[in-house]
Amino acid sequence: MPAHRRWETVVAANWNTVRVQRPAGFNGEETGRRPEARPSDLVERLVTPARADRLTHLEVLPPRAADPVEWPPWVSPEVRNAFEARGLRRPWRHQAEAATSAHAGEHVVLATGTASGKSLAYLLPALNDALSHRGPRAARGATTLYLAPTKALAQDQLAKVRALGLDVRATTHDGDSSREQRDWARDHGEYLLTNPDMLHHSLLPGHQRWSRYLGSLRYVVVDECHHYRGVFGAHVSHVLRRLRRLCALYGADPTFVVASATVADPAAHAERLTGLPFRAFTDDGSPRGQVSLALWEPPFTSYVGEHGAPVRRAASSETADLLADLVAEGVRTLAFIRSRRGAEHVAMTAAGLLEEVSPELPQRVTSYRGGYLPEERREIEAALRRGDLLGLAATNALELGIDVSGLDAVLLAGFPGTRAALWQQLGRAGRGGQDALGILVARDDPLDTYLVHHPDVLLRAPVEASVFDPSNKYVLAPHLCAAAAERPVTEADLPLFGPGTREALDALTGAGLLRKRAAGWFWTDPRRASDLADIRSAGGWPVQLVEGSSGRVVGTVDPGSAHGTAHPGAVYVHMGETWLVSALDLDEHVAVMERAEVDYSTAAREVVDIRVVEERDHTRWGDCRLAFGTVHVSSQVVSFLKRRQPSGEVVAEETLDLPPRTLETTAVWWTVPATVLEDAGLAEADLPGAAHAAEHASIGLLPLFATCDRWDIGGVSTALHPDTGQLTVFVHDGHPGGAGFAERGYAVARDWLTATRDAIRACTCPDGCPSCVQSPKCGNQNNPLDKHAAVALLDVLLG
Ligand SMILES: [Zn+2]
Ligand SMILES: [Zn+2]
């Protein structure tokens, strides 16, 4: 029986009851539109007998009561009235306490949930001080610098500040600002909204012109700081240190207010990012209704994958079914899908299924892409609020720029990469204390498999740490040049930039980039020093993604990942849009591509070789050994697979002719001596497949512990490595100098490798599949892989 037939029977059965109960809800009226069933009851209805084994866990989180407090006494009546007029009668406790700490000059970090009103914590002191520190003739009050990871978010925040109707001179400063806007911002701006890129390329290099603004800087707000991780995080940490140095030059010592999604140890993260001590606020005083979180694993299909492996039904197809079911129930649902094409497919499939239920339902489901005009966005928001629109399939481009509230349910087609992002997306449902339903639909990979079978990891373990490494010399060096160009770097600056700074300065001097004089290190090169660092890239010259027909530059990609993602024939998803790459010119640093609607995705496969350069640390687990250090990686993308979407069926493999790349980076590796393997009864013939399978799964699981993507890291496994003389599995960072991921893997190796073993064990496939040990980027055609021997090998290591 085709899937939609089965589904139709089920929904049609519920449909009569639903319609009788809530006729008003389908007229788009404000009253009577809420489903009467509690989310947990809804889940029971979704789990039909045919789907009984797909729900792996249902967790019902109790409601949380609101904790409102009085306005802090230092907030001026003017500012308080502005918020009260917008319907905010009293702040929640975490907002008031963090605002008061910041107002008193303490650096604060807020890590509370989505919709917990983190912005009030910085807006209160910032707006209050701008207005109360105005000099005679309305001279500029205390200034605030607000940093968002993207331009769109800064624009959105500006609209919110302006809507308060206060007489504070707020403006954005970004690549789109005109000359006049920039001059006005510099001379009069009190609340300036920008991004780290502008700070790095424009504001800091031109600091003399900004001296009065910087000298009056009272607050620096770093919003959505969980975005600053990996190499990007390391870059931003140095941009902020350069900012602090110049503020000090002009006599300012600003207070930092950092806002983040829930991350592990937010104070440590904020300290690493800025180099300052922080006080963390993590107790959320905003109200929340009951939240039901369902973990859902799609079934195996009849498709046959590589080496006869079973293939699971695509998370997006499963999500389309669930979206249709929920819409038919009158439940306002938002589905998060990875690509725009996927979102369109989900909305279309759901609409097709709903057509069979009632002819008026399909038009109440749509997809959402980034790049809408503000009025279009407002219309979608309003339609969702009214209940005219019941189902929206979106890429996470929706995260920026649209304010949807009062949703009943959120569907996630695949784990969004981090638990912080998961909770952020789930937080879209159930605002204002309503009950909410979230369903995480597993994708076909080891991490998703592990999570839907280990709910405690999602629900009770602390969220992952946001990882980055400010001491990466490839990141540090260009910022030292930029800093020296802004103002010579002196001995007194060394602690600010952290360990390794003196060595890096000496190396730059040796290379002729800096000059050492009695007063410090000077930049004397005629080039712009800030051009040496592209803060969104991992080093080297970024490859430009160019639309062939127009010559327009659509975006850039790291030189390191260009081979894997922008090779000829690659399907490239950029901001949710699908493109087809026709050529990659490595000398000109250009990839040429066109928009394309193709029914397949691509995955590049690479072969990797690794040599140990220097071991920095090690620990012993019995006779086994775990190490961390510098490695030399040589890798070559050799081919790519085409997979039909959404089924995931492999339709072709095409070879590529790309040169090998070399990279010095960091790695974590573990070794098991031959005698131990023998004692454990592992046959020599099984060792390559065991190590290889363990390597793949461990790469898949590392993102659970370090905020990386499996494409940010790589690995090598061998039954006998020349540098260790033993069976060895390496997992390395994909960026020059390392991004902190392998280092984090070393620090949490026992938890990480235990999770790896448990993930392999949890998969119900017979002999290995993409949900456990097969990797989409394997350059050895996923061969050999031995799932059972991998579990035995990891048992030996962990034992
Ligand atoms: Zn499997
Ligand atoms: Zn492999």
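Thr112 counts as buried because its relative accessible area is 1%; the term buried stands for under 20% relative accessible area, exposed for over 50%, and partly exposed for values in between (1.4 Å probe, protein chains only).

Residues are numbered from 1 along each chain as its sequence is written, while chains are lettered from A and ligands numbered from 1 in the order in which they are written. The model is predicted, so local features need pLDDT of at least 70 and side-chain atom pairs count only at pLDDT 80 or more, whereas totals for chains, interfaces and linings use all residues; side-chain values use heavy atoms, and hydrogens and water are left out.

## Exercise 1

Describe the location of Thr112 and the residues with which Thr112 is in contact.

*Solution.* 

Step 1. Locate the residue. Thr112 lies in the loop between β2 (108-111) and α5 (118-132). Helices (H or I, at least four residues) and strands (E, at least two) are DSSP runs, numbered from the N terminus.

Step 2. List the surroundings. A contact requires heavy atoms within 4.5 Å. Apart from neighbours within four places in sequence, Thr112 contacts several residues, among them His94, Lys118, Ser260, Phe281 and Asp284.

Step 3. Examine the side chain. The side chains of Thr112 and Ser116 form a polar contact at 2.7 Å. Such a contact is a pair of N or O atoms within 3.5 Å; within protein, one must be able to donate a hydrogen and the other to accept it, and residues adjacent in sequence count only if both atoms are side-chain atoms.

## Exercise 2

Determine which protein atoms are donors of the zinc ion (ligand 1), and state the geometry of their arrangement.

*Solution.* 

Step 1. Identify the donors, which are N, O and S atoms within 2.8 Å of the metal (3.2 Å for Na, K and Ca); water is not among the atoms, so sites may look incomplete. The SG atoms of Cys763, Cys765, Cys769 and Cys772 lie 2.2 to 2.4 Å from the zinc ion (ligand 1).

Step 2. Read the spacing. In sequence these donor residues follow the pattern C-x1-C-x3-C-x2-C.

Step 3. Inspect the angles. The arrangement around the zinc ion (ligand 1) is tetrahedral because the four donor atoms subtend angles of 99 to 119°. Four donors are called tetrahedral if all angles lie between 85 and 135 degrees; four count as square planar and six as octahedral if opposite donors are over 155 degrees apart and all others between 65 and 115; anything else is irregular. For four tetrahedral donors the ideal angle at a metal is 109.5 degrees.

Step 4. Cys763 and Cys769 are both buried.

## Exercise 3

State which protein donors the zinc ion (ligand 2) has, and where in the chain His692 and Cys778 lie.

*Solution.* 

Step 1. List the donors. The zinc ion (ligand 2) has His692 (NE2), His696 (NE2) and Cys778 (SG) as protein donors, at 2.0 to 2.3 Å.

Step 2. Read the spacing. The donor residues of this ion follow H-x3-H-x81-C. His692 belongs to helix α23 (residues 687-701) and Cys778 to the loop between α25 (749-762) and α26 (787-798); the pair is 86 residues apart and links distant parts of the chain.

Step 3. Apply the burial criterion. His692 is buried because its relative accessible area is 6%, and Cys778 is buried because its value is 4%.

## Exercise 4

Compare Glu224 with His307: are these residues buried or exposed?

*Solution.* 

Step 1. Note the backbone. Most residues other than glycine have a negative phi. Glu224, which is not a glycine, has a positive phi of about 50°, and His307, also not a glycine, has one of about 55°.

Step 2. Place each residue. Glu224 sits in the loop between β6 (217-222) and α10, and His307 in the loop between β10 (300-304) and β11 (310-312).

Step 3. Apply the cut-offs. Glu224 is buried because its relative accessible area is 18%, whereas His307 is exposed because its relative accessibility is 53%.

## Exercise 5

*Solution.* 

Step 1. The chain has 26 helices and 29 strands, and 58% of its 799 residues are buried.
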